[in-house]
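Biologist: Could you take me through the reading of a pair of packed helices, and then of a loop residue and a chain contact?

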Amino acid sequence: MQTYKNWRLETDNDGILWVYFDKQDASVNTLNPETMEEFSSIVDSLANDTQHKGVIIASGKKNGFIAGADISQFNKFKDVADATAMLRKGQDIFEKLENLKMPTVAMIEGFCVGGGLELVLPCRYRVVEDGPKTRLGLPEVTLGIHPGWGGTVRLPRLIGALNGMDLVLSGRTVSGKAAAKMGFVDAAVPKRHLVRAAKQYILSKPARHKASWFQELTNSKFARKFLAKMMRKKLRAKINPAHYPAPFQALDNWEEFGVDGEMPYEQEARTCGKLFFSETSRNLVRCFFLQERLKGLAKESQFSPKHIHVVGAGTMGGDIAAWCALKGMTVTLQDREPKLIAPAIKRAYNLFKEKLKEPHLIQQAMDRLMPDVSGQGIARADVIIEAIYEDLAAKQALFKSVESKAKPTAILATNTSSIPLDDINSVLDRPERLVGIHFFNPVAKMQLVEVVKGDRTADDVAAKALSFTRKIDRLPLPVKSSPGFLVNRILMPYLLEAVNMLDEGIPAPVIDKAMVEFGMPMGPIALGDAVGLDVCLSVAKYLGKYLNIPVPQRLITMVEQGKLGRKSGEGFYKYKNGKQIKPDDVSTDKSLEDISDRLVLRMLDEAFACLREGVVADGDLLDAGMIYGTGFAPFRGGPIHYAKTKGIHDLYQQYTRQKQLRGEKVDETRTWEMLMETN
Amino acid sequence: METKTMRRDVYIVDGARTPFLKARGKPGPFSASDLAVSAGRELLARQPFSPTDIDEVVLGCMMPSPDEANIGRLVGLRLGCSKSMPAWTVQRNCASGMEAIDNAVKDIAIGRHNLVLAGGTESMSRAPLLFNNGMVNWLAGMWGSKNIPAKLKQLIKFRPQFLAPVISLMKGLTDPTINLNMGQTAEIIAHQFNISREQMDAFALESHQRAANAISNKQLPEVAASYATTGQFFIEDDGVRHDTTMEKLGTLKPFFDKKFGNVTAGNSSQVTDGAALLLLASKEAVQKYKLPVLARIVDVEWAGLDPSVMGLGPAYASTALLKRYNLHLNDIDFWEINEAFAAQVLGCVEALADDQFCRDNLGMDKAFGKMDMSRLNVDGGGVALGHPVGASGARIVLRLAHILKRNNAQRGVASICIGGGQGGAMLIENVSSVGV
């Protein structure tokens, strides 16, 4: 038998050929030209193979089946034609696989996504492990492309368009059980039966799965017209085709060419090839690598905390505690009285219900989260997180008492968003133990956590904090302890600028619409209401002093009147049961682009100031922080990347000109130009 | 005959219980294991050792829910005790919690274990409704019908009365050998000792007042808050009526012997959810982990009697226990007699003061003595707090240990009556260290 670098071939006692994918020098299997080339020659040899009863494709790795195509290859194509040719070649290999006479089984443990799923769809059967790590799907759209190796054709053909196209368009992944229910997996079995199940399919050769008559109908020309219209409407409600063209393209392809014959494949390769070169895809791939970089920051420490103690059961503290318990930590949650903890327990239960679904898992998580009025958890915790109100004296007193009770190896962390660490740690015997671990609201949605280093914070404590952040599946961003750190520092001037624009007579819905069109998940005015105007005001007062930005009178007045935003039922907008009451349509003579330009430039000005002051190490980290901490339009690649794309020099000129036109002073020391070379 | 001395001393190190939560006509927020976990994790969190250092968990529970088989093991695992640690469940009706402690005591005394978590739990509000026999047979017929004609034939056999549920709680509180419910046994005792409705109500009122005092004076350190998934939280026993009066109690109708009886819901224990857990340790464990000591468990006694006067069980068990140590009524500083019914506790007091009764039933030559009521159930009892059947036996032992400490007293007896005609009694001693 021929040997390969990335594939291992073995024949078992039943005459079944096992093809193990075991990519050289990698911990995870991904598909690149070399591995595909080898796979191609394996498939060729199987075409004439009469010795074996069948072939089972499995992973040679401990972790997962195939993570998809190697994303680092995405920007190596010469041009669209090159990319399209690569896709056509892959399609050919998979077509040969599909046409093999011998039975083929893909035996899947762990993740099987993107190109990985496209490789197993041409197999005659698929069996998967029914376990928590098994995820299947086509997440290509999250990288700004759509599947290009036949996935957009085979999946809807196999299970009908309703589920099939939904998976393509949403990019969501599903469990083994869900995949079996939809029909693109033949059996989801516990690990103990996996090998037997895989062999059983080869030995008994049952009929291959086919779409039901109804599912088949969904791919007919008539149904496609109708369904595509519905799906497009649904898609548009969520995303803007100008920002995220890939799913719309996949939908157009399906509507026009369906799932039969050669044309759909050709079209898929053609449009996917083009999408590789779209700005969106480039930037989403950039985001992917930014995310990998943040993950990589945590690798230096071997710290593996088991018990987390959280002081302060308010929105942030309670949700941090719940999130840690969800991720397997033992958590004690302390506050002064049971009545302050009880609402956090309810929220935790709802979170566990949503994420874990199965009652025994929910119960385990609930049992891991213990309300702890007397603070018994302090002595046992590996990480102690303070999330009480923003008051220096209170925080100092708390940490002083915590320090005397905590294990010497425990790290002390504050979730403060504004108080410098070196002010808090001044009361400690060992100030080097204090680090900032700053979460964003809502904790369960915002992936970013700022890991804040004060001047006295020890390196290994900061490294432990990074490691802890990864252990609970959040993205750590190291930042310097300066007012507002990174994310709030950049966000606040932007919000205040938006409030100023209200004062200039631009209606709130127009401002918000402009920023949503730019690609923000919500506009600045709605964001202020969501965060709470009292919170905004206190941050604005504090940061405004440092950044020399006047606090708008309107904000002060609103807080005085008790208009605190969503939570009080009225802020800039009115709310009913926590939902915004749609404001009346308003028109304005300003163009949306002018509005978003001004706000984005204000944001950029602060971003460049942060770089200049070294709040984060470089522009990439700044971009990552804004994307994962605020949802800054990912398809634009982050604020600094956006500025570079548009030209830093031009944007700066535009910014200063605008300021002068409004009669505002331009601070010459805050020039962006000096950063052009270094970044 | 032989003496029953134990080989090793057994200490109560610490204990915690949930607030006792009155059943309010629908399933409460906690299952029996939820209650035990709620009290247990608070208890374990304040220990210097880890839950994995515990050698054994023994829990008493009369009616765990169907998905809580061997609830002792379930609670042990949910509390984070070691998977290799054995755990089990005991059932001696209303004394299940005390039975669990007795078993832990034995295991420590004979040297099998050093550190045992023991107690009881009960979610009476979640006692299930069962299908009656007619329904069960009809369902069996449906499942056994293999084809559509057979199914149809079975279907028409359905009768509306099949839907009448069997209330398992009522079954559990009825003695099948004599076909009397527990309230009726209390009526028999009241009749036997001439205990009037006014005496019962006065006792009930006192129970509420004492419990209310203990709560307002913050004298119940063992009560740990319980948190429900709904966002509700409970910090104190919610059956206690701070404002009840003789007049209010007097308006209640007899509940068990309708019309002419004297036992009402007001002078009976309440149907309640709750759990109480104790940490028991050998001298070795106390020294190893430098544990504070609450009390020493001297001995336990169980007694049997006529099921129709099961409420007198404490009179039998406690006198037998004290006789063994040659102790007299005045040697005991404080008593806890579980209040299943006011009539039954008063009956015990009367019985012990009655020459005839003590001669005929307890093998004494005269009355045991007149109980000083100011030393009995000083912080209230089941009438005010409720009687979660699996937990009460453990609750009174823990309360008694705290009462001895608070009063710098020496000895106490906790005793409980048991449906089916038994009594249990535990003698404890206030000590603060294990000596040398």
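Biologist: What are the distance and the angle between the axes of helix H14 and helix H15 of chain A?

Modeller: Two packed helices are described by the angle between their axes and the distance between the axes. In this predicted model, local features need pLDDT of at least 70 and side-chain atom pairs pLDDT 80 or more, while totals for chains, interfaces and linings use all residues. Residues are numbered from 1 along each chain as its sequence is written, with chains lettered from A and ligands numbered from 1 in the order in which they are written. The axes of H14 (residues 338–356) and H15 (residues 359–368) of chain A come within 9 Å and cross at roughly 145°, where axes are lines fitted to C-alpha atoms over the stretch in contact and angles run from 0 to 180 degrees between N-to-C directions; helices are DSSP runs (H or I, at least four residues) numbered from the N terminus.

Biologist: Which residues of H14(A) and H15(A) meet?

Modeller: Contact requires C-beta atoms, placed from the backbone, within 7 Å. A:Tyr349, A:Phe352, A:Lys353 and A:Leu356 in H14(A) meet A:Leu361, A:Ile362, A:Ala365 and A:Met366 in H15(A).

Biologist: Is A:Pro550 buried or exposed?

Modeller: A residue is buried with 20 or more other C-beta atoms within 10 Å of its own, exposed with 12 or fewer, and partly exposed in between. A:Pro550, in the loop between helix H22 (533–547) and helix H23 (553–560) of chain A, counts as exposed because it has 9 C-beta neighbours inside 10 Å.

Biologist: How many residues does each of chain A and chain B bring to the contact?

Modeller: Chain A gives 17 residues and chain B gives 13; on the side of chain B, the largest share, 3 residues, comes from helix H1 (residues 32–45) of chain B.

Technical notes:
Helix = DSSP H or I, 4+ residues; strand = E, 2+ residues; numbered from the N terminus. Contact = placed C-beta atoms within 7 Å.
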